[in-house]
Amino acid sequence: VSTGTLNRLLQDAIARVQPPSRRGVRLKAYYMVQTPVQPSTFLLFVNNPERLDFSYCRCLENCLRETYGFHGSPIIIKARARE
């Protein structure tokens, strides 16, 4: 999946469901890329990787599955801090 289409999907997902916040600080997702690794692995660049919780990660997985048809295959989303 190209980076541009992934980023449009990410912006739509953020518009539907806001990222979680802890102690008044919200997770900011900047962009997402797909790595050339099997199973399908996606890198999500955020302001603080520790703020990405399981439920929001699952929400992003479900968006990827319904948009790109990853039904039945595992999806891994890894968070990385943007430098």
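Q: How many salt bridges does the structure hold?
A: This predicted model holds 1 salt bridge.

Q: What makes the contact between Arg16 and Glu66 a salt bridge?
A: The side chains of Arg16 and Glu66 meet at 3.8 Å, N to O. The cut-off is a side-chain nitrogen of Lys or Arg within 4 Å of a carboxyl oxygen of Asp or Glu, so the pair qualifies.

Q: Which parts does the pair of Arg16 and Glu66 tie together?
A: Arg16 belongs to helix 1 and Glu66 to helix 2, so the pair links parts that lie 50 residues apart in sequence.

Q: Why are Arg16 and Glu66 called exposed?
A: Exposed requires over 50% relative accessible area. Arg16 has 52% relative accessibility and therefore counts as exposed. Glu66 has a relative accessible area of 55%, so the term applies to Glu66 as well.

Q: Which residues make the contact between helix 1 and helix 2?
A: Helix 1 contributes Thr5, Leu6, Leu9, Leu10, Ala13, Ile14 and Arg16. Helix 2 contributes Tyr56, Leu60, Cys63, Leu64, Glu66, Thr67 and Tyr68.

Q: Which residues have the most contacts inside the largest nonpolar core?
A: They are Leu10, Met32, Phe42, Leu44, Leu60, Leu64 and Ile77, in a core of 20 residues. Two or more core residues come from each of helix 1 (3-16), strand 3 (29-35), strand 4 (40-46), helix 2 (54-68) and strand 5 (75-81).

Q: What is Met32 in contact with, leaving aside its neighbours within four places in sequence?
A: Met32 is in contact with Thr3, Leu6, Asn7, Leu10, Phe42, Leu43, Leu44 and Leu60.

Q: Why is Ser40 called buried?
A: Ser40 has a relative accessible area of 11%, and buried means under 20%, so the term applies. Ser40 is located in strand 4. Not counting residues up to four places away in sequence, Ser40 touches Gln34, Phe70, Pro74, Ile75 and Ile76.

Q: Where is Pro39, and is the peptide bond from Gln38 to Pro39 cis or trans?
A: Pro39 sits in the loop between strand 3 and strand 4. The peptide bond from Gln38 to Pro39 is cis, with omega near -5°.

Technical notes:
Residues numbered from 1 in each chain as written. Predicted model: local features only at pLDDT ≥ 70, side-chain atom pairs only at ≥ 80, totals over all residues. Heavy atoms only, no water. Core = buried A, V, L, I, M, F, W, Y, C linked by side-chain atoms within 4.5 Å. Buried < 20%, exposed > 50% of the residue type's maximum accessible area, 1.4 Å probe, protein only. Helix = DSSP H or I, 4+ residues; strand = E, 2+ residues; numbered from the N terminus. Contact = heavy atoms within 4.5 Å.
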